[in-house]
Amino acid sequence: MASAQTQGTGEAPLSGLRVVELCEEKGAFAGKLLADAGADVVKVEPPTGDATRDYEPFLEDRAGKERSLWWWLYNTSKRGVTLDLEQLAGREVFRRLVARADVVVESQPPGRLAGWGIDYADLRGSNPALIWASITPFGRAGPGSQEAATDLTLLAGGGIAWMNGYDDHALPPVRGGGNQGYHTGCHYAVMAVLVALVHRDAGGPGQFIDVNMHAAVNVTTEAGSYDWLVKRREVQRQTGRHAAYRPTMSTQVRCADGVWVNTGIAPRRPQEFQVMYDWIAELGKLEEFPEAAILEVAGQGGEVMLGRLEEDEEMQAKFAAAREAVVFIAGQLPAETFFHEGQRRGFQMGIIYAPEEVLEDGHFQARGFPVEVEHAELGRRFRYPGAPWRFGRSPWRIRHRAPLLGEHNAEVLKELELSGEEASEAHGSREESRR
Amino acid sequence: MHALARPDAVKRRAAGQSGEGKREHAAAAGAFGDEQEVANGQSSRDTMSAALSHLRICDFTGQLAGAGATKFLAAFGAQVIRIEDPVLEGRWDVLRGAPPFKDERRGINLGGAFNNHNVEKLGITLNLRTERGRDLLRRLVAVSDVVTENFSAGVLERLGFGYAQLRTIRPDVIYVSNCGFGHSGPYRDYKTWGPIVQAVSGLTFSSGLPEEPPAGWGYSYMDHTAAYYMAMAVLLALHHRARTGEGQHVDMAATEAAASLNGPALLDYTVNGRPLRRSGRPHSNRSQFPRMAPHGIYPARGEDNWLALSCRDDGQWAALGRVVGKPWATAERFATLEGRLKAEDALDALLGAWSEECDMFESARALRAAGVPASAVQRPQQRIDEDANTAAWGLWPSVRHVEMGEVRVDGLPVHLSETDWSIRRGAPCLGQDNAFVFGEILGVGDSELAQLRADGVI
């Protein structure tokens, strides 16, 4: 027993924590991580809505402020208010929101909030316990801090693109999908906010956190960084595997059904050669595999030592035969079978799923990873990617879908005890015209 | 402010901002004498972060997926006690004693990656095959806030230290496990490392060019990132404990953390039924969400030099046109996003022909000055030794390692105004802190310590 196989039924870990989020595309994921962990995240948008409401993909491919799946994904469990921060009235409401908040997360360009008189330095006086995280491409004040960036240019400048791509260097380096540059900056923002929170729990003060996305990408590069720091040598990109300072054996094979599998670390122990041989025998294909004899001998011999591979021809032959065996077996089987049969035999293998295939996989389903989120206004429920962790007591969960534009204006302003007149001024013209 | 529930935690808090852990570090340095203090690279107490100095972590993690989590916590002052097996000389962590080696000096304490991922931690050896070893572990768990590990599922439980047992030692213990597929489900016993996690979670597939095999990630992105999620789990559970007094087990599966990072493409499938496995996809140098054109990585002058650029809107495209200064760059057919998307291949070819003639840093500078997001595809040397931003940030601190001497390592991309991180001490050599941890923290006497050593318990 004792495994947290299901989420606990207690209060969420950040239950009761008040967060104000003022983020566009770069920082919204940080707010989502806090919100799904139980924090009451109030997302502040301009009266016309956050720009990402106009990002593809759209529900049924039709544009609309409430139809962006980008918006849906990155804003679960948050409440939403519209505030016109160009106007004094909007800034006043923002000040009141921040005065009662535990945490502010914002990804505004450096200087913008100071210009409006609502930066950390302006607001900390009214709330000394406040934790404020600023997420920017290059940090608040360093070289380049005023320059624009996208996920692509962050991954290029920070060293990840250099490592992703193909053996053939005539092909360009590859960015990698899914917005990982933004995700990485947001991971560090949340980690730092939680450090400040745990420090505050132990009696410490609030504080300001400067998150530099370029720096975050730079220290998320494994050997790309430490091979240079320790040895002053640069890794070179290779197809579907670790970039390395000298070429290594390929690790991807295409199975009989055309789906690719990552075959992990190449077999080099006698028992692994034997398992390969037995696997081919089980398939009844020994006659068709030319290197079968080498494998059989290798099964009785010693381990292949990578350090001695260059000077030892016998080791080279065994190592190559094992690799040929992997390719050969993959060519006989569909990828799912190859993956499970390989793992069952002790090989670290992984099928290369497209993102959607993960949600249909039995393991992810058995652990309850895909979750359904209700969109009551559409009368429908949709599947979302679920919990990155299973907390035995304090459950992670998506409490509700992303907020509609201005959905919680009245509710939040009531909590701030604003008069109706103050409220309508604060929300800006769009809200006015609705009334 | 939430009241801390446990009396001993309150006592720790009462010890003030300096924190108990920090005082112990200082005491340890004193016990070893000044010479040892310098050798440990453990300079004065003021250089340690106070953020988490009230916390002690009993740490079984290794590689990067686990060790990266406790590195982050240690940099903020948590007292991380890394436990290694004396019989195997800690080789469960394949990075211990593995390349890269500084100055080509090899040895169990000289692994460059190991040093990078284990700075600011204490290191002890403990043989858990022995009853006395297990007894010492029970005593250590009893005074630890958190137990962390990234073994395969079930390993710690078989050693007799699963969550059920840990709880009997310390009822409010926080136990965070981190493995590829988690502690439950059909693939519980499958083996993984970074590239396998990335493959099975969708991240490898979505990195690539059309008609080519998956390019994937040229490193273990998910070892770094699993470590980030593990650090978050520890901190979330600590906050929960501060509020409620409750500990818990957090079961983290790296594949689930990874699968949650696929971005809007996943909802395009669940909502619109459009899979990413389709003709012409993935094409991850282009931007589907939001649509941008141009958006890509283009050749630049010189060997394997590349320029990344993207235009968010028609205004940035017009700005790019002024930098490029060619007739096609101001042509009517490219003036709108729809026009540029319709002729994206032609646009990319024209841009590539232009960028190929230019120095990647000069063109990136010119584009950024015009307000267009652009960057050279930086190589390690360029972003580590020649990048003004990472230098000014202090992103590559030097640590003192007992055997390796001064080595630069990855720093952290956040700065906290009151309790910033500090990375000065190199990774521990095997058993480096045995005397301090067993002697000072657990109160084992000198003669007993010598006996434990002689009997192979530590």
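Modeller: Helices (H or I, at least four residues) and strands (E, at least two) are DSSP runs, numbered from the N terminus. This is a predicted model, in which local features need pLDDT of at least 70 and side-chain atom pairs count only at pLDDT 80 or more, while totals for chains, interfaces and linings use all residues. Residues are numbered from 1 along each chain as its sequence is written, chains are lettered from A and ligands numbered from 1 in the order in which they are written, and side-chain values use heavy atoms, with hydrogens and water left out.

Colleague: What follows α12(B)?

Modeller: G325(B) comes after α12(B), and its phi is positive, near 70°. At the N-terminal end the helix is capped by D313(B), which places a side-chain oxygen 3.1 Å from the backbone nitrogen of G315(B).

Colleague: Which residues of helix α12 in chain B are buried?

Modeller: Buried means under 20% relative accessible area, exposed over 50%, and partly exposed in between (1.4 Å probe, protein chains only). An α-helix has 3.6 residues a turn, so residues three or four places apart point the same way. In α12 (residues 314-324) of chain B, the buried ones are Q316(B), W317(B), A319(B), L320(B), G321(B) and V324(B).

Colleague: What do the buried residues of α12(B) pack against?

Modeller: Contact means heavy atoms within 4.5 Å. Their partners in chain B are β8 (306-310), α13 (337-342), α14 (344-355) and α15 (360-369).

Colleague: How many helices and strands are there in chain A?

Modeller: Chain A has 19 helices and 14 strands. Its C-alpha atoms fill a box of roughly 85 × 50 × 45 Å along the principal axes. Of its 435 residues, 63% count as buried. Among contacts in chain A with a separation of 6 or more, 67% come from residues 24 or more positions apart.

Colleague: How many residue pairs are in polar contact across the interface of chain B and chain A?

Modeller: A polar contact is a pair of N or O atoms within 3.5 Å; within protein, one must be able to donate a hydrogen and the other to accept it, and residues adjacent in sequence count only if both atoms are side-chain atoms. The rule finds 80 such residue pairs across this interface, with both residues at pLDDT 80 or more.

Colleague: Which strands of chain A and chain B pair?

Modeller: Two strands pair if DSSP finds at least two bridges between them. Here β6 (residues 207-212) of chain A and β12 (residues 414-416) of chain B pair in the antiparallel sense over three bridges. D210(A) stands opposite H415(B).

Colleague: Where is N164(A) found?

Modeller: N164(A) sits in the loop between α7 (160-163) and α8 (180-201) of chain A. Its relative accessibility is 0%, so N164(A) counts as buried. The side chain of N164(A) reaches across to the backbone nitrogen of G218(B) at 2.8 Å. Beyond its neighbours within four places in sequence, N164(A) is in contact with residues including R237(A), S207(B) and W217(B).

Colleague: Which side chain meets that of D385(B) in a salt bridge?

Modeller: The partner of D385(B) is R408(B), at 3.0 Å from N to O. D385(B) lies in helix α16 (residues 380-385) and R408(B) in strand β11 (residues 405-408) of chain B, so the pair ties together parts that are 23 residues apart in sequence. D385(B) counts as partly exposed because its relative accessibility is 32%. R408(B) is also partly exposed, with a relative accessible area of 25%. Elsewhere, salt bridges that share partners join D40(A), R79(A), R100(A), E411(A) and E415(A) into one network.

Notes: Salt bridge = Lys/Arg side-chain N within 4 Å of Asp/Glu carboxyl O.
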